[in-house]
Amino acid sequence: MDIYSAGALNGTFAEAAATPPAPLRIAISTKPASLTATVDPETAAALESLGRLLESLGHHVFHGEPAYPDITAAFEPMWLVSPAAESRRADHPDLLELRTRELALYATAFDNPGAMAAARAATDAVIGAVMPFFETADVLITPTTPGPAWPVGQLTGMDFHGAALKSLPAASWTNIWNVCGNPAAAIPTGFSGGGLPLSAQLIGPPDSELRLISLAAQIEQARPWSGTRPPVR
């Protein structure tokens, strides 16, 4: 079975966005799923504010955390192999950034049946550890990133290792759901004191896309954000 293929929908995304969800059990967590990133105080405060809004909309909101396992053995091959395969299909591979070419080189370590079988076994173990959480929660809400958006140019001039070390903490709440294949949606939760956007991530069990869209639309209706823009510097 392909765990990354969604099941048939029982409606359309447009219908879900126009229909408020029934009261949901919503867990909120700031604990990172991987690495050791620390959530920014403004991001954490925005998440708590979102929780209070959801309570006012009739949902049952509580603090809860899935049993996050180490995802390295499952995530690393996924992170490396897919971009490497895309780079090999590039029309002009000589124009790829140095760190992209380095990534493709490191990915060759997983380019064999044994390594991929081990990665799939690791993925199955991660899924087995995380999925029981959704027996007690219909939706999990976490930060999308540790804090507001970074200034442009953070990775300029870095090689593959440097860029990976710099950027991976930003994925500390998102990469596990790439491994598990759960649907997720990032929504705005306001702006930092410096005017940069903050975000929360809504995660559901498999095949809950319509639920997440319905919830995201309900939040947007209660706190419209489309007319707000960060400052241009």
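Q: In what order do the strands of the open sheet run?
A: The five strands have the order E2-E1-E3-E5-E4, and the pairing is mixed. Strands here are DSSP runs of at least two residues (E), helices are runs of at least four (H or I), and both are numbered from the N terminus. Two strands pair if DSSP finds at least two bridges between them.

Q: Which strands stand at the edges?
A: Strand E2 (60-63) and strand E4 (184-191). Each has a single partner strand, so one side of each is left without a neighbour in the sheet.

Q: How are neighbouring strands turned against each other?
A: By 25° on average, direction ignored. Angles run from 0 to 180 degrees between N-to-C directions, and axes are lines fitted to C-alpha atoms, for helices over the stretch in contact.

Q: Wait, what kind of model is this?
A: This is a predicted model, where local features need pLDDT of at least 70, side-chain atom pairs count only at pLDDT 80 or more, and totals for chains, interfaces and linings use all residues. Residues are numbered from 1 along each chain as its sequence is written, and side-chain values use heavy atoms, with hydrogens and water left out.

Q: OK, back to the sheet. How many bridges join E1 to E3?
A: Three. Strand E1 (residues 25-28) and strand E3 (residues 139-143) run parallel. Ala27 stands opposite Leu140 in E3.

Q: And which helix packs on the sheet?
A: Helix H8 (residues 209-222). H8 touches E1, E3, E4 and strand E5 (197-203), where contact means heavy atoms within 4.5 Å. The direction of H8 makes about 145° with that of E5.

Q: What about E1 and E2, parallel or antiparallel?
A: Parallel, over four bridges. Ile28 stands opposite His63 in E2. The chain crosses from E1 through helix H2 (residues 41-56) to E2, and this β-α-β crossover is right-handed. That term means that, with the strands pointing away from the viewer, the path from the first strand over the helix to the second runs clockwise.

Q: How do E4 and E5 pair, parallel or antiparallel?
A: Antiparallel, over seven bridges. Gly190 stands opposite Leu198 in E5. E4 and E5 form a hairpin with five residues between them. Gly195 in the turn has a positive phi of about 90°.

Q: Which residue has a positive phi although it is not a glycine?
A: Asp207, at about 65°. Asp207 is found in the loop between E5 and H8.

Q: Switching to helices. At what angle do the axes of H2 and H8 cross?
A: Roughly 95°, and the axes come within 11 Å. H2 and H8 are therefore roughly perpendicular to each other. Angles under 35 degrees count as roughly parallel, over 145 as roughly antiparallel, 65 to 115 as roughly perpendicular and the rest as oblique.

Q: Which residues meet there?
A: Leu50, Leu53 and Leu54 in H2 meet Leu215, Ile219 and Ala222 in H8. By class, this contact has six nonpolar, no polar and no charged residues. Ala, Val, Leu, Ile, Met, Phe, Trp, Tyr, Cys and Pro count as nonpolar, Asp, Glu, Lys and Arg as charged, and the others, Gly among them, as polar.

Q: How far apart are the axes of H4 and H6?
A: 8 Å, and H4 packs with helix H6 (residues 160-167) at an angle of about 90°. Arg99, Glu102, Leu103 and Tyr106 in H4 meet Phe160, His161 and Ala163 in H6. The residues of this contact divide into four nonpolar, one polar and two charged.
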